[in-house]
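User: I've got this fold open on my screen and want to know what stands behind the labels. Can you walk me through them?

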Amino acid sequence: MHLPKAKSRDETGRRVRFYVALGLVTAATLMLQIIETRIISVISWYHLAFFVISIAMFGLTAGAVFVYLRREEFRPEQLSYDLAVAALAFALTTDLAMLMQLTLVTGASPSLTSWSLGQNSRSVSQFHFSFRALS
């Protein structure tokens, strides 16, 4: 009678840790969208700031499709490991994308603006890994 209680308590602890990690990844994704929208609105024209929302939606969809197409690779017993790997990849790609975005040279030249939009479109990978963790 004592063993099922201990197993139940351990299972509850695992679930709580899993949901806390999932909530932190979700909160980081939302904060990243807000930060990137603010940065783009300062670097380039304000109406291009909504480009970040399109990037995020594309990256989130790509992550969900990736998980759906490779669902046999994502097993319930490896769920915590897959979440940890996707969250680590999300953190690393976010750092690289922010570094790239903050080192852009601003200017009035249209070629610089198109170059910065091309660089920002490469930051889709961070949202891809974010939704891979959430899927």
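User: Which residues make up the largest nonpolar core?

Analyst: Leu32, Ile39, Ile55, Ala56, Leu60, Phe90, Met98 and Phe127, 8 residues in all. Quick caveat: this is a predicted model, where local features need pLDDT of at least 70 and side-chain atom pairs count only at pLDDT 80 or more, while totals for chains, interfaces and linings use all residues. Residues are numbered from 1 along each chain as its sequence is written, and side-chain values use heavy atoms, with hydrogens and water left out.

User: What makes a set of residues a nonpolar core?

Analyst: They have to be buried Ala, Val, Leu, Ile, Met, Phe, Trp, Tyr or Cys residues joined through side-chain atoms within 4.5 Å. Buried means under 20% relative accessible area, exposed over 50%, and partly exposed in between (1.4 Å probe, protein chains only).

User: Which residues does leucine 60 touch?

Analyst: Beyond its neighbours within four places in sequence, leucine 60 is in contact with Gln33, Phe127, Ser130 and Phe131; contact means heavy atoms within 4.5 Å.

User: How many helices and strands does the chain have?

Analyst: 5 helices and 0 strands, in the pattern α-α-α-α-α along the sequence.

User: How much of the chain counts as buried?

Analyst: 31% of its 135 residues.

How values were computed. Helices (H or I, at least four residues) and strands (E, at least two) are DSSP runs, numbered from the N terminus.
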